[in-house]
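Dear colleague,

Please find the structure below, together with its sequence. My notes on it follow, and I would be grateful if you could read them alongside the model.

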Amino acid sequence: MKLLALEASQNSYYYLPRYQQIEDFGGVLYVLNGIGTEDLWPSERYRIAGSNHIDDLIRHAKAWHAEESFDGVLTFSESGVVLVAAVAEALGLPGIGVDAARTSRNKLIMRQAHEKGGAAHPDFRFVEDLDSALQAAEDFGYPVILKPTLGAASNFVFRVDDEEKMRERYAQARAGIDGMSWYNMEAEGLDLGPHGLLVESFLDGHEHLIEAVAWDGEVYLGSIVDRVTSEGETFDDDVHHAPTSLTTEQVAEVHAVVAAGVRAQGLTRGALHAEVRFHQGKPFLLEIAVRPGGGGLDHMARLSAGYDPIRGLMDVSRGVRPDVRHFSPTGLHTAAMCLICPGGVIASIDVPPAVNESDSLYYLKIFAKPGDLIKRPPLGNNIFGGIGALGASFDEAMRNANDLAGKIEVKLSETQKQH
């Protein structure tokens, strides 16, 4: 099984553990980056195009495919979804198609598809200036959500509670989205749809993250994770727990709304990450992305629900039905959280043996290294890692995760702290 992973611009070493998982699961992985570092992957299976333009990436991918005969093309990056669809089409390999990829990447086009397809979603409006943002918020009623159309990882996503705050947050978001890494990591030359800001009505209930599979008209919810973060004006997406607290009836409602969104986005086959939020007791779609969820959600899915999103992506990318069934929790309690520090330049990160050797630890990933710049809201939404812990109950799993996270020490450069 030969698989080709793609990024137009390499996202540091963030996806390296997942690339290694593919090999652990029996795949032979080749990596093509438009722009990247020389040391990411073994040299005999790694190429750098030297350009992030779609034409150059397709040209390099075609030449390599002629040599190796890849079985599939994939990405773990939100910024690579449209790129992979275009390359798969060019190589004649399984894919979701560029139109469905664009719909699943651009939040405005996604919302329009949900509206047309009858999938429950918040009210939304594309806003091109402050006045239109203020008018949308007045029409929807505060609080509202302000978000980029081509964002990821909650960068420049704000809850806005009043007119004064809208003036502040709109200026911050408008100034920030052009320099947002997730936007700048896209391949050049692709039509990604409108690049700007949305105002959405606020959904007042609990939120859930879902790893799912679409296969020839059927949608399977592989795992459901509860977001248990204490919310403020920004969305760090930093604390999660499984198994879900949803009732059997609520799971059925979530399945129905995700299936409706999948159809609306034109997806017939795919390994998906869906986010759903309840409002007045009913589930609404936040998004359906065509890739596995980030952080440790793949580990949580395996442990809490017996579904493997990485294997799912491997199978779908080569046109094979994944080993997935409808949601069936194992009952094992897992908690995970993003590792967050103040903004600034990393001087050092110390992970003591008590963390690495803990019996409750099931996941630890440090993304940042000394010299890396961490941006925190309103300038960005970088984290330095993620951690997950097991427990016999919700409380114990959460306590173990918090205790382990608290033992990790991050020092910032005193002269380069975010102010």
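Of the 419 residues of the protein chain, what percentage count as buried? The figure is 57%, where buried means under 20% relative accessible area, exposed means over 50% and partly exposed lies in between, with a 1.4 Å probe and protein chains only.

Some conventions come before the details. This is a predicted model, in which local features need pLDDT of at least 70 and side-chain atom pairs count only at pLDDT 80 or more, while totals for chains, interfaces and linings use all residues. Residues are numbered from 1 along each chain as its sequence is written, and side-chain values use heavy atoms, with hydrogens and water left out.

Overall form

The protein chain has 13 helices and 19 strands; these are DSSP runs numbered from the N terminus, helices being H or I of at least four residues and strands E of at least two. A compact globule of 419 residues would have a radius of gyration near 22 Å, and the 21 Å of the protein chain agrees with that. The radius is taken over C-alpha atoms, and the globule rule is 2.2 Å times the number of residues to the power 0.38. Along the principal axes, the C-alpha atoms fill a box of roughly 60 × 50 × 50 Å. The accessible surface is about 16600 Å², and carbon and sulfur atoms account for 48% of it; areas come from the Shrake-Rupley method with a 1.4 Å probe, and for residues only the protein chains shown count as cover. Among contacts (heavy atoms within 4.5 Å) between residues at least 6 apart in sequence, 69% join residues at least 24 apart.

An open parallel sheet

An open sheet of 4 strands has the order β3-β2-β1-β4, with parallel pairing; two strands pair if DSSP finds at least two bridges between them. Its edge strands, β3 (46-48) and β4 (72-74), each pair on one side only. From one strand to the next the twist averages 20°. Between β1 and β2 (residues 28-35) there are 7 bridges in the parallel sense, and Val 28 in β2 is the bridge partner of Lys 2. Helix α1 lies across β1, β2 and β4 and runs at about 155° to β2. Axes are lines fitted to C-alpha atoms, for helices over the stretch in contact, and angles run from 0 to 180 degrees between N-to-C directions.

A helix pair

The axes of α4 (residues 98-105) and α5 (residues 107-117) come within 5 Å and cross at roughly 100°. α4 is therefore roughly perpendicular to α5; that term covers 65 to 115 degrees, with under 35 roughly parallel, over 145 roughly antiparallel and the rest oblique. In this contact, Arg 102, Thr 103, Ser 104 and Arg 105 of α4 meet Lys 107, Ile 109, Met 110 and Ala 113 of α5.

Backbone points to inspect

Two cis peptide bonds deserve a look. One runs from Tyr 142 to Pro 143, with omega near -5°, and Pro 143 sits in the loop between α6 (130-140) and β6 (144-148). Another joins Ala 242 to Pro 243, with omega near 10°; Pro 243 belongs to the loop between β11 (239-242) and α9 (248-264).

Ser 12 has phi near 50° and lies in the loop between β1 (2-9) and α1 (16-24); at 31% relative accessibility, Ser 12 is partly exposed. Phe 156 has phi of about 60° and is located in the loop between β6 and β7 (158-160). With a relative accessible area of 6%, Phe 156 is buried.

With kind regards
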